[in-house]
Amino acid sequence: VFDPARNSWSTTVILRVQVTDDTIVQGPRSINVNVSCTAGGVDQSAVAVVSVLDDDVTAADVEFGAAQVAVSTSEGATLNLIVSNSGAASQAALTVDYRVVSGSANV
C-alpha cells in the first residue's frame, strides 16, 4: 500500500472507524471489513469481522405504583394500574407482558 504521507510503500495500514455512542440498548453489532488487492496479476481479498459491544445498560427494575389498588364494582368501572421501570435502563424501550387472573373476584 502506498502511503503518500511518507512517500513510501507499507505492508500495514491502520483503518480508523468512527463509532457513534448512543443510549439505546441494541446488543452487540458487527462491522465487516473487506480488503482486496492485486499482486502479481492475482486478485486477493480478505474479510475481518469486528464486534462492537453495546455499553448501554440493559437492567430493568419493573414495579407496581402501589401494592394494592381498589376499583368500584359499578358498570363500566376501569382500573388504572401504574407499572414503572426505575432500573438503570429506565430510558430504554421496555415491553411488559401481563395477564389477569381471577382471585376472589371475577375478571
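1. The accessible surface of the protein chain amounts to about 9800 Å², and carbon and sulfur atoms account for 52% of that area. Of the 107 residues in the chain, 6% are buried. These values, like those below, come from a predicted model.

2. The mean pLDDT of the protein chain is 77, with 85% of the residues reaching 70 or more. Among the elements, strand β4 (residues 42-52) has the highest mean pLDDT, at 85, while strand β1 (residues 2-3) has the lowest, at 68. Where pLDDT is low, the predicted coordinates should not be read in detail.

3. The secondary structure consists of six strands and zero helices. Read from the N terminus, the order of elements is therefore β-β-β-β-β-β. Taking contacts between residues at least 6 apart in sequence, 35% of them join residues at least 24 apart.

4. The largest pocket holds about 580 Å³ of space. Its lining is made up of 22 residues, and those nearest the centre are Phe-64, Leu-79, Leu-81, Val-100 and Val-101. Strand β5 (residues 62-64) gives the most to this lining, with three residues. By class, 15 residues of the lining are nonpolar, four are polar and three are charged.

5. The second largest pocket holds about 260 Å³ of space. A total of 14 residues line this pocket, and Val-19, Thr-20, Gln-26, Val-52 and Leu-53 lie nearest its centre. Strand β3 (residues 29-39) supplies the largest share of the lining, namely three residues. The classes here are four nonpolar, four polar and six charged residues.

6. The two linings can be set side by side. In the largest pocket, the count is 15 nonpolar and three charged residues; in the second largest pocket, it is four nonpolar and six charged.

7. Thr-23 sits in the loop between β2 (8-9) and β3. Is Thr-23 buried or exposed? Thr-23 has a relative accessibility of 63%, and because the cut-off for exposed is over 50%, Thr-23 counts as exposed.

8. Which residue lies 32 residues from Thr-23 along the chain, with its C-alpha atom at a separation of 8.4 Å? That residue is Asp-55.

Terms used. Residues numbered from 1 in each chain as written. Predicted model: local features only at pLDDT ≥ 70, side-chain atom pairs only at ≥ 80, totals over all residues. Heavy atoms only, no water. pLDDT = per-residue confidence, 0-100. Helix = DSSP H or I, 4+ residues; strand = E, 2+ residues; numbered from the N terminus. 1 Å grid on protein atoms, 1.4 Å probe; cavity = no way out; pocket = protein on both sides within 12 Å on 5 of 7 lines; lining within 4 Å. Points joined across faces, edges and corners; volume = space filled by probe spheres on them. Nonpolar A, V, L, I, M, F, W, Y, C, P; charged D, E, K, R; others polar. Buried < 20%, exposed > 50% of the residue type's maximum accessible area, 1.4 Å probe, protein only. Contact = heavy atoms within 4.5 Å. Areas by Shrake-Rupley, 256 points an atom, 1.4 Å probe, with all protein chains shown as cover.
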